[in-house]
Amino acid sequence: MASRKTNLLAASCAVFLLAAGIADAQQPNSSDPAALAVGDKSIGGVVAGRFGPEAGVWVIAETKDLGTRFAKIVVTDERGRYLIPDLPKANYRVWVRGYGLVDSEKVPAELGKTRNLTAVVAPSLAAAAQYYPAIYWASMIRVPDKSRFPGTGDKGNGIPENFKTQEQWLNFVKTNGCGNCHQIGNYATRTIPGALGHFDSARDAWTQRLAVGPAGHDMLNFIGQVMTPDGGHLAALADWTDRIKGGELPSRSPPRPVGIERNLVITVRDWLDPKHYLHDLTTTDRRRPTVNGYGPIYGDTELSTSLQPVLDPVRNTKTTIQPPVRDGTPSSALANEVAVASPYWGMEQTWDSKVNAHTSAMDQDGRVYYAAQNRSPKDVPDYCKKGSQLRSAQLYPLDLPHDGFFQNSRQVTVYDPKAKQFTMIDTCFGTHHLNFAEDADNTLWLSNNTGLGGAPVPQAAVVGWINTKLFWETHDPVKSQGWTPFIVDTVGNGKRTAEWNEPGQPIDPAKDTRIPFALYAISWSPADGSLWGSSLANPGYIMRVAPGPNPSETALTELYRIPLPGFGIRGMDVDREGVAWLPLDSGHIASFDRRKCKGPLNGPGAEKGEKCPEGFSFYPLPGPGFQGDPGAEENPYFVWVDQHNILGLGANVPIATGNQSDSLHALAGGQIVELRVPYPMGFFAKGLEGRIDEPNAGWKGRALWATSGNRTPFHIEGIDAPAPGAPGATPQTRSNPLVVEFQLRPDPLAD
């Protein structure tokens, strides 16, 4: 049974939430539908509950008549009124979902008609809690107290000695561990499905769960690194699900949408299938976001399948395309053999990708560039090696031992939608994320995520580029590409020396220094043409690369370590003023403004990353945290900066993925605006992008787009799923990956 204290806390939150909703609803003429103008492509009405009109709840319209799953979602205003705009012609069912409620009956509604709805107050706290985002449940997991760090192994505190701080432990179990691939705390993870088997203990059940499917080997390897004599994180997960099974509930309830959050319009479509997850998508040229207006959305399926999904958001249809690979290209290195049967797919190997398309970007002509594998990592072209005529190879040859996934597991493959043709560009360097510069050459910059820092890394830790203008003129991949290692100006003269100190070797003060870090994310700064990126080594770093006139010879790197209270980074982005924005496992969006730096940024010691802590600022994310942890139990994977004010919250607004919160977190005017996706639960974005379809069409002509990138898309609430937590919510309830469109109208009733 749940503790009395836990239930009282949850009860007080729920009562407060309902009371707030009642207070908002008591307005003159609050239930008068005559005040609501419903267009012929819309559905509108009033939502009322036991105590009157309901403010800040969601109304969902869904249809099965189109070529994709289709649902459009809006929020009620202070009088309980709603208006769902611009619905394609179809048969719809509508219903109400909101905190403090359970789902109302799904009832038919006609376009152009008023449909008043009845909200259903949750009969219990347990029923209400089934609709809370995963963060409220996951925050119940007990993590080691700060007093147990630094780790000393089996002696004393039992924490593995490589964990020096609690922050390092949290980073390992959040974005750079479990939370990188899964939303922890959703219904599928906070319960043990019967289909998994019968076990004597929850710990045995978790051991089995972590071994199933194509990622089982990697999950067991991960959990082994956070084991302690008392069971470590495995025991914490078992204790968590046992307490939930016994009736314990989250100690806090989520707030309903308020203010501008009620102006949000969300459209949900699906693509691909339940077996194959997606990592990312692209919709337009970020530099010119009107490119490909109303055009197809392209997805990236990473390890799961070689098929890449394509969504037509106008016709609401979905298709796939398949990039080519050369003969001898192996399946992805992480698609391990299935050793333990999954409750969802049995022994089937559902991941079989050779393409391994991680991320994509669109150019000014609508071509899609994938960071994707198109040959075997072992087949390194001669022009990459020592003796090549290519200047980058002469200065820093990439004739590499191939001993790991990140050496050169991806190159670049381009799709031309007009010609419906693929072109493979064989890069010497590996590719991971990519961004275009705003220059005459349309330079494409690429990261490769080699090495995690702290020790000398493989030689492949470079930043690479493709002069795409030259490539399309010549189709010559050799002349069009280049790369450089990361050299820090430790001499302090503003110029790169011809030779440099290698990582881990004694420092020669007359030489600059190569650093053992590499870029994960990568962004080009419109302010000064520099490149920014994240590096994952604990506690997290950001890097700035100034290319100079000839990057192979002139590029210089700056390294900045994230100071407390921040820690744990994955993605990042930069705004048009050159400020870098970071999503952190500490439960923050952070910024780094180089203009605030007071001292020199080069010279002796610059390779340590300790310069300019004053450049960082931290903005807390909403939501509960682990006990004893002041930050939200959020692991935001990525952040994207709305450089062109596409959504409508302002230019240069950073928007982080709320991977534990079914949301996106937008930082506008110093405040977090929650862009929550209430249905289907399980929204887990890896990336997002904004596009302007029609510049003069106002809010209707622009949108943000994100794909749900959970590696277990079958954990997303299914299209015919029962109410969350109700009998029947089983492994047979499956969902396809999602494409989610976010639009912000001027008020909750704009049509």
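# A guided tour of cavities, a helix and salt bridges

Welcome! A cavity here is a set of points, on a 1 Å grid over the protein atoms alone, where a 1.4 Å probe fits but cannot get out, and its lining residues have an atom within 4 Å of a point. Grid points are joined across faces, edges and corners, and a volume is the space filled by probe spheres set on the points.

Before you start clicking, note that this is a predicted model, in which local features need pLDDT of at least 70, side-chain atom pairs count only at pLDDT 80 or more, and totals for chains, interfaces and linings use all residues. Residues are numbered from 1 along each chain as its sequence is written, and side-chain values use heavy atoms, with hydrogens and water left out.

**Stop 1: the largest cavity**

Select R286, L434, N435, W640 and E689. Of the 30 residues lining the largest cavity, these are the closest to its centre. The space inside is about 410 Å³.

Now colour the strands β12 (280-282), β16 (360-362), β20 (434-436), β27 (522-524), β35 (639-642) and β39 (685-692): each gives at least two residues to this lining. Strands (E, at least two residues) and helices (H or I, at least four) are DSSP runs, numbered from the N terminus.

What classes of residue make up the lining of the largest cavity? There are 13 nonpolar, 9 polar and 8 charged residues. In this scheme Ala, Val, Leu, Ile, Met, Phe, Trp, Tyr, Cys and Pro count as nonpolar, Asp, Glu, Lys and Arg as charged, and the others, Gly among them, as polar.

**Stop 2: the second largest cavity**

Next, select W58, R97, G98, Y99, Y131, Y132, P133, D662, R676, V677, P678 and M681, which line the second largest cavity. Its volume is about 60 Å³. By class, this lining has 8 nonpolar, 1 polar and 3 charged residues.

The term means a side-chain nitrogen of Lys or Arg within 4 Å of a carboxyl oxygen of Asp or Glu. The two partners are 620 residues apart: R97 sits in strand β6 (residues 92-97), and E717 in the loop between β40 (702-708) and β41 (738-744). Are these two residues buried or exposed? Both E717 and R97 are buried; that is, each has under 20% relative accessible area, whereas exposed means over 50% and partly exposed lies in between (1.4 Å probe, protein chains only).

**Stop 3: strand β3**

Move to A61, in strand β3 (residues 58-63). A61 has a relative accessible area of 0%, so A61 is buried. Show Y92 as well: A61 and Y92 are 31 residues apart in sequence, yet 5.9 Å apart in space, C-alpha to C-alpha. Beyond its neighbours within four places in sequence, A61 is in contact (heavy atoms within 4.5 Å) with F70, A71, K72, I84, Y92, R93 and V94.

**Stop 4: helix α8**

Select residues 232-245 to see helix α8, whose 14 residues should span 20 Å at 1.5 Å a residue; its end C-alpha atoms are 20 Å apart, which agrees. The expected span is 1.5 Å times one less than the number of residues.

How many of the residues of α8 are buried? The count is 10 of its 14 residues, among them G232, H233, L234 and W240. For the cover over these buried residues, show α3 (134-138), α4 (166-173), α5 (187-190), α6 (202-211) and α7 (216-225), which are included in it. Just after α8, look for G247, with a positive phi of about 110°.

Now pick out R243 and E248, whose side chains meet in a salt bridge at 3.1 Å, N to O. R243 is buried at 12% relative accessible area, and E248 is buried at 15%.

**Stop 5: one more pair, and a loop**

The count of salt bridges comes to 37. One of them joins E558 and R594 at 2.7 Å, N to O. E558 is in strand β30 (residues 556-561) and R594 is in the loop between β33 (588-592) and β34 (616-620), 36 residues apart. E558 is buried at 13% relative accessible area, whereas R594 is partly exposed at 29%.

Finish at D426, in the loop between β19 (421-425) and β20. D426 counts as buried, with 10% relative accessibility. Leaving aside neighbours within four places in sequence, its contacts are R326, R375, P381, Y383, Q411, P477 and Q481.

Conventions:
On a 1 Å grid over the protein atoms alone, a cavity is a set of points where a 1.4 Å probe fits but cannot get out, and a pocket is an open set with protein on both sides within 12 Å along at least five of seven lines; lining residues have an atom within 4 Å of a point.
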